[in-house]
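Please look over the sequence and the 3D view below before reading on.

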Amino acid sequence: MIRLPFVLIFAALLFSAGVYGVLARRNAVMVLMAIELMLNAVNVNLVAFSASLRDVGGQIFALFVIAVAAAEVGIGLALVILLFRNRASINVDEVNLLKW
Amino acid sequence: MTAQEYAFAVIAAVGSISAIAVVTARNVVHAALYLVVALLSVGATFLLLGAEFAGWVQILIYVGAIVILFLFGLMLTKAPIGRDALDNTRRWLGLLVGLGVFAGLVFLIQDAFPLDGKAFEAFHATTAAVGDSIFREFILPFEAISFLLLAALIGAIVLARKDEGN
């Protein structure tokens, strides 16, 4: 027996930590880690609602989110490595070539 | 409070502390290891809620594969150590936004689902039920996800390989 709002508040805390990490970090790999935290918060919500509504669909969407996160990390780290090769730095605030 | 809620409280406390440590750590490798603990506590939450398959997939894929990818990324980019090298100078603004998001979400959650509301039993969805549902109702999104994963794989190889021409 477990009450739904406790799980949701845990997810909200994970999400807020991720928001802070994306905004405050300047290292691109750390920004990707913070994005993973936010995706996990969404997964916690999906599984919690799946359990409380007695419907397996939420878990399946959590699995889909995990697959998309894996694709996102693969592409993201490839971009980071490419950036490091070209600029010798992965600080996101120094990548302003497209900003005028 | 039931036994399950006590167990969840311990898991959530460990997960919350390590999630905050991920975004405040001064050493990138420490941050990656804190991320392992945070992801494990999310997996334990899944298992506690009865989502067996999702829980083990979470532990295998996130802790087993994605964190290793992060560690490879850190090794290949010679990440610096120290707060000034990792955080930008206006992090207090990020802290303000993060706390604002947390306060807003908690207000909305306790508004929609009262804290002393009805508790629910863990929902034991077997792996058979999950597979049945994926290949019966969600076959189209499943195929779309597999195509996306293939495209991401090819894209990552194309991006990260060295050009042989120059």
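**How chain A meets chain B**

The contact takes in 63 residues of chain A and 75 residues of chain B, where two residues are in contact if their C-beta atoms, placed from the backbone, lie within 7 Å. This is a predicted model, in which local features need pLDDT of at least 70, side-chain atom pairs count only at pLDDT 80 or more, and totals for chains, interfaces and linings use all residues. Residues are numbered from 1 along each chain as its sequence is written, while chains are lettered from A and ligands numbered from 1 in the order in which they are written.

**The side of chain A that touches chain B**

- At least two residues each come from β1 (2-3), α1 (4-24), α2 and α3 of chain A; helices (H or I, at least four residues) and strands (E, at least two) are DSSP runs, numbered from the N terminus.
- The element that gives the most to this side is α3(A), with 21 residues.
- By class, this side has 47 nonpolar, 10 polar and 6 charged residues. Ala, Val, Leu, Ile, Met, Phe, Trp, Tyr, Cys and Pro count as nonpolar, Asp, Glu, Lys and Arg as charged, and the others, Gly among them, as polar.

**Strand pairing across the chains**

- β1(A) and β1 (residues 119-120) of chain B run antiparallel and are joined by 2 bridges; two strands pair if DSSP finds at least two bridges between them.
- A:R3 has B:A119 of β1(B) as its bridge partner.

- The axes of α2(A) and α3 (residues 52-76) of chain B come within 11 Å and cross at roughly 175°. Axes are lines fitted to C-alpha atoms, for helices over the stretch in contact, and angles run from 0 to 180 degrees between N-to-C directions.
- That angle makes α2(A) roughly antiparallel to α3(B) (over 145 degrees).
- On α2(A) the contact is made by A:V29, A:M33, A:E36 and A:V47, and on α3(B) by B:A54, B:I66, B:F70, B:G73 and B:L74.
- By class, the contact of these two helices has 7 nonpolar, 1 polar and 1 charged residues.

**Positive phi angles in chain A**

- Most residues other than glycine have a negative phi.
- A:R54, not a glycine, has a positive phi near 60°. A:R54 lies in the loop between α2 (28-53) and α3 (57-87) of chain A.
- A:R54 counts as exposed because it has 10 C-beta neighbours inside 10 Å (exposed means 12 or fewer other C-beta atoms within 10 Å of its own, with C-beta atoms placed from the backbone).
- A:A88 also is not a glycine and has a positive phi of about 60°. A:A88 sits in the segment after α3 of chain A, and is exposed, with 9 other C-beta atoms within 10 Å.

Key:
Buried ≥ 20, exposed ≤ 12 C-beta atoms within 10 Å, placed from the backbone. Parallel < 35°, antiparallel > 145°, perpendicular 65-115°, else oblique.
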